[in-house]
Amino acid sequence: MDQRKRVFSGIQPTGDAHLGNYLGVFQRWAQMVDEYECYYCIVDLHAITQDYTRDQLMQRVFDLTLSLIASGIDPEKCTLFVQSHVPQHTELTWLFNIAVGVGDLQRMTQFKEKSTGLESVNAGLLNYPVLQAADILLYRADFVPVGNDQRQHLELSRGIARKWNARFGDFFPEPETLTGAGSRVLGLDGVSKMSKSKDNTVPMLAGPEELWSRIRTAVTDPARVRKNDPGNPHVCNVFALHEFFTQSSVRADIEIRCQTANLGCVDCKQTLSDNVAEHLEPVREKVAELRAKPDQVLEILADGATRAREEAERTMSVVCERMGLGRKTLSEGIRKLTAQG
Ligand code: TRP
């Protein structure tokens, strides 16, 4: 029996993982596998609440798997799987629907953001956080490492656990948010979080040329207009990115030369671009290597799903028993009721 605290986290297969994913999520996930018992889930069932095509979805699930493994997430040390390969996620979602109010779901910030302007809103968007609660509680996770944008969903998951426990008996722990460690990476606009929907990303698997074409467009210190204006590295997003890819002595040099107008932004970006390319070269190689062996990757996912399913079944048997559902519960229940006459 594993004595470690349990972590659950999920990531949507939205295509083309970027530096924000790599620095904020993948590296963090990779680091956690020794300290915690980790369940990492590619949440395709969440992804289908938004427009998609089936081929695109499958490709994205596969590509994300490659990127996760290539970034150092060791599938031998954690349970890495795809949400739809474990049907209990869907099952528990339905059961949790009775432990959450429609009003609470309608008040979720992310629901409001995603549904405004749409002509018709599919019910999946509304129930999205119920599925997320099911993800986490199915494994009775202690901790969920997520960014600020998911805090509200986590709070809702705790509410669902509380409500269900109050009605059917204590069973689900209330999962806590695990903050820190993960880096918040701004996009090339220097304003919002790096995100595919904002079109401000640097794709993590881009080759040197594509990297340069993206990084070249990054917004730097807005007060620095001409090359011989002194800049302020501490408000510059390019300098912030150097933190992750450039050794500290070089960074110190960049800092001074920027402040004294002895280094132009283009050169500074060029250094960054080179360093990002170098840093991610082994990851790109690993992705290429894995891509050439799809069977091996699918085997890893099959194995992860098998392990996840075992745990999910344990939870569902308790849940069904407490809620009076399922064949086993019914036969035992009826036998008892009959005996009582
Ligand atoms: N909603 C999360 C996101 O968009 C993804 C997610 C789904 C998740 N299920 C989860 C995150 C469970 C943590 C735990 O980032």
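**View 1. Thr220 in its loop.** Thr220 sits in the loop between helix H9 (208-215) and helix H10 (237-245). Helices here are DSSP runs of H or I with at least four residues, strands are runs of E with at least two, and both are numbered from the N terminus. With a relative accessibility of 15%, Thr220 counts as buried. Buried means under 20% relative accessible area, exposed means over 50%, and partly exposed is in between, using a 1.4 Å probe and protein chains only. Thr220 and Phe239 are 19 residues apart in sequence, and their C-alpha atoms are 8.2 Å apart in space. A word on what you are viewing: this is a predicted model, in which local features need pLDDT of at least 70 and side-chain atom pairs count only at pLDDT 80 or more, while totals for chains, interfaces and linings use all residues. Residues are numbered from 1 along each chain as its sequence is written, and side-chain values use heavy atoms, with hydrogens and water left out.

**View 2. The whole chain, for orientation.** The chain holds 14 helices and five strands. Its C-alpha trace spans about 90 × 45 × 40 Å along the principal axes. Of the 341 residues, 48% count as buried.

**View 3. The shell around the ligand.** The ligand is surrounded by 13 residues, and the closest are His46, Tyr128, Gln132, Asp135 and Gln150. Sorted by type, the shell has six nonpolar residues, six polar ones and one charged one. For this sorting, Ala, Val, Leu, Ile, Met, Phe, Trp, Tyr, Cys and Pro count as nonpolar, Asp, Glu, Lys and Arg as charged, and the others, Gly among them, as polar.

View 4. A polar side-chain atom of Asp135 lies 2.7 Å from a nitrogen atom of the ligand. For Gln132, an N or O atom of the side chain is 3.0 Å from a ligand nitrogen, and for Gln150 a polar side-chain atom is 3.2 Å from a nitrogen atom of the ligand. A polar contact is a pair of N or O atoms within 3.5 Å; within protein, one must be able to donate a hydrogen and the other to accept it, and residues adjacent in sequence count only if both atoms are side-chain atoms. Taken alone, the ligand exposes 360 Å², and the protein buries 88% of that. Such areas come from the Shrake-Rupley method with a 1.4 Å probe; for residues, only the protein chains shown count as cover. Strand S1 (6-11) and helix H7 (123-138) are the elements that give two or more residues to the shell. H7 gives the most, with four residues.

**View 5. Strands S1, S2 and S3 side by side.** S1 and S2 run parallel and are joined by six bridges. Strand S2 (residues 37-42) also runs parallel to S3, with four bridges between them. Two strands pair if DSSP finds at least two bridges between them. Tyr40 stands opposite Leu80 in S3. In strand S3 (residues 79-82), Thr79 and Phe81 point one way and Leu80 and Val82 the other way, and all are buried. Five of the six residues of S1 are buried, so S1 is largely enclosed by the rest of the structure.

View 6. Arg6 stands opposite Glu37 in S2, and their side chains meet in a salt bridge (3.2 Å, N to O). Glu37 lies in strand S2 and Arg6 in strand S1, so the pair ties together parts that are 31 residues apart in sequence. Both residues are buried. A salt bridge is a side-chain nitrogen of Lys or Arg within 4 Å of a carboxyl oxygen of Asp or Glu. The structure holds 20 salt bridges.

**View 7. Two further salt bridges.** Glu174 and Arg162 form a salt bridge, with their closest N and O atoms 3.2 Å apart. Glu174 lies in the loop between helix H8 (151-168) and strand S5 (176-177), and Arg162 in helix H8, so the pair ties together parts that are 12 residues apart in sequence. Glu174 is partly exposed at 35% relative accessibility, and Arg162 is partly exposed at 42%. Arg54 and Asp55 also meet in a salt bridge (3.4 Å, N to O). Arg54 is exposed at 59% relative accessibility, and Asp55 is exposed at 51%.

Key:
A residue is near a molecule or strand if one of its heavy atoms lies within 4 Å of it.
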